[in-house]
Amino acid sequence: TEVLPQVIKVGSRMYLLGEEFQAAFLSPFKLIVAVDADLSLTATSPTTIHSGFEFSPSRYLTLRVGMDQNQKSG
């Protein structure tokens, strides 16, 4: 038999800089911050967190950096 993973995924994205209405600060550059987590409903799997930044100094260039937390095995 196969067991389905019991995980809830939650996350959020925030536009810090940009020309859009939803940006926190008006700027010709774009800066987006994203964070999400995998919440395990069982005690055997830990919660993992993923986060990242996306910076666009122009419409032709986008730089991304992030962190992906892996589960420890064994």
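**Strands 4 and 5**

In strand 5, G66 is the bridge partner of G52. Strand 4 and strand 5 run antiparallel and are joined by seven bridges. Strands here are DSSP runs (E, at least two residues), numbered from the N terminus.

This is a predicted model, in which local features need pLDDT of at least 70 and side-chain atom pairs count only at pLDDT 80 or more, while totals for chains, interfaces and linings use all residues. Residues are numbered from 1 along each chain as its sequence is written, and side-chain values use heavy atoms, with hydrogens and water left out.

The five strands form an open sheet in the order 2-1-3-4-5, with mixed pairing; two strands pair if DSSP finds at least two bridges between them. Strand 2 (25-26) and strand 5 (61-68) stand at the edges with a single partner strand each, so one side of each has no neighbour in the sheet.

S56 belongs to strand 4. With a relative accessibility of 11%, S56 is buried (buried means under 20% relative accessible area, exposed over 50%, partly exposed in between, with a 1.4 Å probe and protein chains only). The side chains of S56 and T62 are joined by a polar contact of 3.1 Å. Such a contact is a pair of N or O atoms within 3.5 Å; within protein, one must be able to donate a hydrogen and the other to accept it, and residues adjacent in sequence count only if both atoms are side-chain atoms.

**The aromatic pair**

One aromatic pair is found in a search of the whole structure. The pair consists of F29 and F55 and is tilted, at 6.0 Å centre to centre and 40° between the planes. Because F29 lies in the loop between strand 2 and strand 3 and F55 in strand 4, the pair ties together parts that are 26 residues apart in sequence. Rings of Phe, Tyr and Trp (its six-membered ring) pair if their centres lie within 6.5 Å; planes under 30 degrees apart count as stacked, over 60 as edge-to-face and the rest as tilted.

Both residues are partly exposed: F29 has a relative accessibility of 37%, and F55 has a relative accessible area of 29%.

**Exposed loop residues**

F21 is located in the loop between strand 1 (7-18) and strand 2, and is exposed at 84% relative accessibility. The C-alpha atoms of F21 and G52 are separated by 22 Å, and the two residues are 31 residues apart along the chain.

L41, in the loop between strand 3 (30-40) and strand 4 (48-58), is exposed with a relative accessible area of 55%.

Methods
Helix = DSSP H or I, 4+ residues; strand = E, 2+ residues; numbered from the N terminus.
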